[in-house]
Amino acid sequence: MAPFAVRISDEGLAEIDGEPLVTDPGQSVHEAVLDRLQQYAEQRGVAVEATVTDGPGAAHFVLEVSPDGSSRLLDRPSTPPPPPPPAPAPASAVATAIARARAAATAPPAPAPRPLPSQLAGRIAHINALATAGRLAEASAEATALREGLTRSAGTEHPDALEARAMEAYLAHLRGDHREATVLALSVARILCGAGDPQAPAAVMRAAAAWQRLEEDRAVEIHGNELLHMWGRLHGDGRLGPADERLAQRVRDRLEALPAHV
């Protein structure tokens with residue numbers, strides 16, 4: 001069987017065999033890629049291989065993923081996959097994080113997802129179904145109602161409330177409201193950074209992915225400076241990887257290029 005073709009862009013977009021990969025709220029792109037490949041391996045009962053393109057102009061490599069979720073790089077060259085199909089419309093693009101499949105292949109396994117109460121899991125599944133059907137306004141309203149209810153009952157910083165807020169940010173992105181997506185994603189990152197949560201760096205990267213789509217200079221400046229502040233805290237704690245540092249530098253470069261009157 002031919003290897004799957006995985007593409008991960010510098011903007012945090014991923015696709016497998018030309019199909020855009022949608023990440024769940026709170027999930028990084030590399031986790032989503034590995035999860036999907038593990039699903040394929042489970043369906044077949046054997047390990048699957050994927051030819052990975054890690055950013056424009058990067059070297060290609062082959063990743064093997066087993067049904068149990070373990071992965072390894074194969075020591076053999078790979079040929080570049082065929083040219084990609086036309087890019088999806090902006091409304092269907094996914095920009096949640098900038099992650100690297102090469103790093104994922106050598107990183108420790110991600111922690112198991114936290115079990116959700118059946119009622120909450122059902123509501124999240126319903127919201128995902130609405131989004132998949134293109135009913136984004138309804139999905140957003142449902143996500144907001146879910147987050148407000150969880151905030152009242154469990155508090156703003158409860159993991160379920162944060163997951164609902166992250167879903168709101170994702171849906172705002174799908175609607176093309178990048179200012180709202182940035183504000184919501186930053187609020188999640190701010191809480192996780194303040195709590196010292198290990199998922200804080202990934203949350204900041206997702207916020208940065210939304211921020212990169214902002215066009216109004218004042219919003220770019222305000223939210224870009226908040227991103228740098230959070231990265232500074234994480235850097236001081238020794239929790240930033242090379243990908244985080246590169247993205248932080250791109251944010252600095254964009255801020256420095258803003259007109260002086262901003």
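This is a predicted model: local features need pLDDT of at least 70, side-chain atom pairs count only at pLDDT 80 or more; totals for chains, interfaces and linings use all residues.
The largest nonpolar core comprises 31 residues, and V204, W211, L227 and W231 have the most contacts inside it. At least two residues of this core come from each of α5 (159–175), α6 (178–195), α7 (200–211), α8 (217–236) and α9 (242–256). The greatest contribution is that of α6, with 8 residues. A further core lies apart from this one and consists of 19 residues, including I16, F61, L63 and V65. In soluble globular proteins, nonpolar side chains tend to be buried together.

W211 was examined for contacts beyond its neighbours within four places in sequence. Its partners on this basis are T182, A219, V220, H223, G224, L227, V251, R254 and L255. One of these partners, L227, is listed with W211 among the core residues that have the most contacts.

The helices α7 and α8 pack at an angle of about 165°, and their axes are 11 Å apart. Angles over 145 degrees count as roughly antiparallel, and α7 and α8 are therefore assigned to that class. Their crossing is left-handed. On the α7 side the contact is formed by A200, P201, V204, A207, A208 and W211, and on the α8 side by A219, V220, H223, G224, L227, M230, W231 and L234. By class, the residues of this contact comprise 12 nonpolar, 2 polar and no charged.

For α8 and α9, the packing angle is about 145° and the axes are 10 Å apart. The crossing of α8 and α9 is also left-handed. From α8, the residues V220, E221, G224, N225, L227, L228, W231 and H235 take part; from α9, the contact involves D244, E245, L247, A248, V251, R252, R254 and L255. This contact of α8 with α9 contains 8 nonpolar, 3 polar and 5 charged residues.

Q199 is located in the loop between α6 and α7. Its relative accessibility is 28%, so Q199 is classed as partly exposed, given that this class lies between the limits of 20% for buried and 50% for exposed. Q199 and S28 are 171 residues apart along the chain, and their C-alpha atoms are separated by 9.6 Å.

Technical notes. Residues are numbered from 1 along each chain as its sequence is written. Side-chain values use heavy atoms; hydrogens and water are left out. A nonpolar core is a set of buried Ala, Val, Leu, Ile, Met, Phe, Trp, Tyr and Cys residues joined through side-chain atoms within 4.5 Å. Buried means under 20% relative accessible area, exposed over 50%, partly exposed in between (1.4 Å probe, protein chains only). Helices (H or I, at least four residues) and strands (E, at least two) are DSSP runs, numbered from the N terminus. Contact means heavy atoms within 4.5 Å. Axes are lines fitted to C-alpha atoms, for helices over the stretch in contact, and angles run from 0 to 180 degrees between N-to-C directions. Angles under 35 degrees count as roughly parallel, over 145 as roughly antiparallel, 65 to 115 as roughly perpendicular and the rest as oblique. A crossing is left-handed if the near helix is turned anticlockwise from the far one by less than a right angle, and right-handed if clockwise. Ala, Val, Leu, Ile, Met, Phe, Trp, Tyr, Cys and Pro count as nonpolar, Asp, Glu, Lys and Arg as charged, and the others, Gly among them, as polar.
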